[in-house]
Amino acid sequence: MPKTQLTKDKLQQKVKELLESEKIEAFVGYGEGDLSLKKIPLVITRPEDVSKLTFDQTSTPLLSRYLLDGELKDKKVGILLKGCDKRALDLFEKENRINKENIYTLGISCNGVISINKMSEYLNDPTEYELNFDGEKVKASSKTGEEVEFDYQDILSPHCHICQSPTPEDVDDLIENEASEALVPIKEDGIMDSIIELEKASKEEKYQYFIESLNRCRRCFACREACPVCNCPKCLFDIENPRFLDKSTEESAQHQYYHILRAFHVADRCVGCGECERACPEEIPFYLLHEKIKKDIDEMFGEKEDALSYAYPDDVEPFEEGGEA
Amino acid sequence: MIKIAAFCCNWCSYAGADLCGSSRLKYPADIRIIRVPCSSRVDASLVLRAFQKGADGVMVNGCHPGDCHYVSGNYHTRRRMALLKNLLKFMGLDDERLEVNWISGSEAGKFQQTVLDFTDKINKLGPAEEMRDMRCQKPS
Ligand code: SF4
Ligand code: SF4
Ligand code: SF4
């Protein structure tokens, strides 16, 4: 039996028990969507529906944000959490946006998720393919019978390579992912390497790199919508008076504005899930911007969380007399 | 002619600029002073907006660390602007065009000198086209 099936069985069994014992009223997990490469968020309330639940390396959208408002708020709910999802949930708790008492956290040890953007380096239209996970290999087969085999590491989301805790900590119960042993996500620090490489590049090279990539942006806001921590009730970019960002996608200044501000707004709350990277239809490496701020925060202030909400007298002083950094 | 947007906090650097004027110390007319309640009111958004709409240099001026009228406002300015400058540099943009200065209400001389130095620097660098929204450019 494939290992993903074993994990799925354990998951369904566990959720069934929870719903039957009325410990929870609803459970938030993943279900099959229309695309083979993407799972969709799924809420179930009846024990007989547990067979719809599933989990594998295509279970991407983070679920904890669905507890913030809407029908699930203040209900007794169970939720399936990967490492990054748990980090997001912890953040919401710290910000007093959820009531932890009502939430049953079911963790699952994660072995990373795939990035369709990465797959498109090898395939023309990845969405045409079905995926089969088998240890360190992934087999993609199309409807026309074509088969391609990948190393799982090559199509893994860049953020998963540097995930701090793929196995969520402090959860009510943990499901051991049977597939996880074969697949150790941490291979290399690709994101940090790119940042360091760019830092060393000349000014012109840096400028060209970002102008070329950011100018591809269609301003679809998918990167904003996908981010679990990017959820202000009124977004800066939607304010109409004054309008900070207009509809032009021709002006590089507008792209710079969007991406720099987006990076600042998520940098100190980012949970490193990589949703933004996976959402981008243009495969733009804009996430390097918030990762760069995260790196600087770490180096300059030695803390990551909430670094932009606090500031102290003994912080480094980069502007002493004369204003030069 | 170059343009410089200078955000000055109400309590220190704006008072410094005021004193500079009333003491008849001369400084270049390239600068446009924008009074803000506290230097921490200035975030990345305002700085970028200034560059987009025609500024060639942006100054953020606040009270000396420790002297903030609101106790800790300028510590936030310091963190934020340090990160912003780093990020601009990372993107290959001219981070020298953004300067942060601590100027108190009695430092008229320092205000004058800072503006002189900064205008000098920006004059040498020339117009900041890399961050400009080109639609704001007058047809020449
Ligand atoms: S960042 Fe990637 S590896 Fe880490 S928990 Fe999330 S999906 Fe799993
Ligand atoms: S900025 Fe990207 S990596 Fe960070 S929390 Fe948001 S979606 Fe996840
Ligand atoms: S998802 Fe990509 S194309 Fe869309 S707004 Fe974000 S960076 Fe631009």
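Chain A of this predicted model exposes about 15500 Å², of which carbon and sulfur atoms supply 46%, with accessible areas taken from the Shrake-Rupley method with a 1.4 Å probe and, for residues, only the protein chains shown counting as cover. Of the 325 residues in chain A, 52% are buried, a term that stands for under 20% relative accessible area (1.4 Å probe, protein chains only).

**Fold and dimensions of chain A**

- Eleven helices and eight strands make up the secondary structure of chain A, where helices (H or I, at least four residues) and strands (E, at least two) are DSSP runs.
- Chain A is as compact as a globular protein of its length, because its radius of gyration of 21 Å is close to the 20 Å that the globule rule gives for 325 residues; the radius is taken over C-alpha atoms, and the rule is 2.2 Å times the number of residues to the power 0.38.
- Along its principal axes, the C-alpha trace of chain A spans about 70 × 50 × 35 Å.

**Contact between the chains**

- The contact (heavy atoms within 4.5 Å) takes 47 residues from chain A and 37 residues from chain B.
- About 3900 Å² is buried between chain A and chain B, with carbon and sulfur atoms giving 61% of this area; buried area is the accessible area (1.4 Å probe) that two parts lose on being put together, summed over both.
- On the chain A side, Ile260(A), Phe264(A) and Phe319(A) lose the most area to chain B, together 16% of what that side buries.

**Basis of the values**

- Residues are numbered from 1 along each chain as its sequence is written, and chains are lettered from A and ligands numbered from 1 in the order in which they are written.
- Local features need pLDDT of at least 70 and side-chain atom pairs count only at pLDDT 80 or more, whereas totals for chains, interfaces and linings use all residues, and side-chain values use heavy atoms, with hydrogens and water left out.

Conventions. Buried < 20%, exposed > 50% of the residue type's maximum accessible area, 1.4 Å probe, protein only.
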